[in-house]
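Hello,

Here is the structure I promised to pass on to you. Please have a look, and then read on for what I found in it.

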Amino acid sequence: MNNKNQEQNKSHPYIGLSIAKLMRPKHWVKNGFVLAPLMFTGLFTNPDAVTNTLIITFLFCIASSAVYVLNDIKDIDNDRKHPKKSQTRPLASGAISIPQAFILLVCLYSILIAGYFYLPGATLVLCGYIILNIGYSFYLKHQPVLDIFTIAIGFVLRVFAGATVLNVPVSAWMFVTTLCLALFLAAIKRRQELQDSGTSGREVLGSYSISLVNRFAEMAATGALVFYSLFVVTTRPELAITIPIVLFGIYRYWYIVEMTNAGESPTEALFSDPQLMITIAIWVGASAYTIITGQAPL
């Protein structure tokens, strides 16, 4: 196997590109959830708040890459047997060796340790995120329903980290809205995995059916919209104009999933659809504008 990897490494001279692929920077967009408290507290006009939030967002990007690297190391044997992953995953294809992956992992964890000394409170939340994902890689992803909730809790922890770095509490509305939205994305991911690969793509998929995860997704999407609306009405009434934007975004995302089969990766779905990206940009712009102009008391 070592000879095979050496031969394959010769065909991958740009190791930097392979390392970047192993770290999956395209998926860093998920860490945008860390920015939510900065947006809704109106502190995005405070330079110190912006700086600290961007730092913890960067650390979450590093942490998520570390999770991907560890997961690929663990799953390398299965990935080598997979027709697609054996070609696209750097470890499985031989573009990156296991020792190189471990060196990268040490470097990533070193950055996170350094981050602790600058933002200890928020970094502790980030440590919880890493521990949760290690549990997911080795056990939780094989447990039906629990696997979906584990993915969703990872998004909730991002929001908590963003709030911790600002020393503000996370409202119950923001917590439950984030949880429902994340459950929606996770359920759609499982639906597409079932549709594309059947029960052979992942062990836990044998415990699901498309109709079941469709109901999960419908319930979560409805909850996300209802709780976001309640959050706006009770806490940020000036943001009422953003509710139709959120509704359109959910509709558009579901359309992409049904018509293009892109739901297995929310990141790919986002980057593949200009309308969805524009919708998110409009939501961010409208939210920032209404909070700054103070159409209602903060």
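Is Arg-191 buried or exposed? Arg-191 is buried, its relative accessible area being 5%; since buried means under 20%, this arginine falls inside that class. Please keep in mind that this is a predicted model.

Let me stay with that arginine for a moment. Helix α11, which covers residues 172-197, contains Arg-191. Leaving aside residues up to four places away in sequence, Arg-191 touches Ile-210, Val-213, Asn-214, Val-257 and Glu-258. Pro-90, by contrast, is 101 residues apart from Arg-191 in sequence, and their C-alpha atoms are 26 Å apart in space.

Helix α11 also holds Lys-189.

Next, the packing of two other helices. Helix α2 (residues 15-23) and helix α8 (residues 98-116) have axes that come within 12 Å and cross at roughly 60 degrees. The α2 and α8 crossing is right-handed. On the α2 side the contact is made by Ile-15, Ile-19, Leu-22 and Met-23, and on the α8 side by Gln-100, Ala-101, Leu-104 and Leu-108. Sorted by class, that contact of α2 with α8 has seven nonpolar residues, one polar residue and no charged ones.

Some of these residues come up again around Val-69. Not counting residues up to four places away in sequence, Val-69 touches Leu-22, Leu-91, Ala-101, Leu-104, Leu-105 and Leu-108. The largest nonpolar core has 81 residues, and Val-69 is among those that touch the most other members, together with Phe-40, Ile-56, Leu-126, Phe-184 and Tyr-253.

Finally, the cysteines. How many disulfides does the structure hold? The count is zero. Cys-61 is in no disulfide, and the nearest cysteine sulfur, which belongs to Cys-127, is 16 Å away; a disulfide would need the two sulfur atoms within 2.5 Å. Cys-61 is buried, at a relative accessible area of 8%. Cys-180 counts as buried too, with 11% relative accessibility.

Technical notes
Residues numbered from 1 in each chain as written. Predicted model: local features only at pLDDT ≥ 70, side-chain atom pairs only at ≥ 80, totals over all residues. Heavy atoms only, no water. Core = buried A, V, L, I, M, F, W, Y, C linked by side-chain atoms within 4.5 Å. Buried < 20%, exposed > 50% of the residue type's maximum accessible area, 1.4 Å probe, protein only. Contact = heavy atoms within 4.5 Å. Axes fitted to C-alpha atoms, helices over the stretch in contact; angles between N-to-C directions. Helix = DSSP H or I, 4+ residues; strand = E, 2+ residues; numbered from the N terminus. Left-handed = near helix turned anticlockwise from the far one by under 90°. Nonpolar A, V, L, I, M, F, W, Y, C, P; charged D, E, K, R; others polar.
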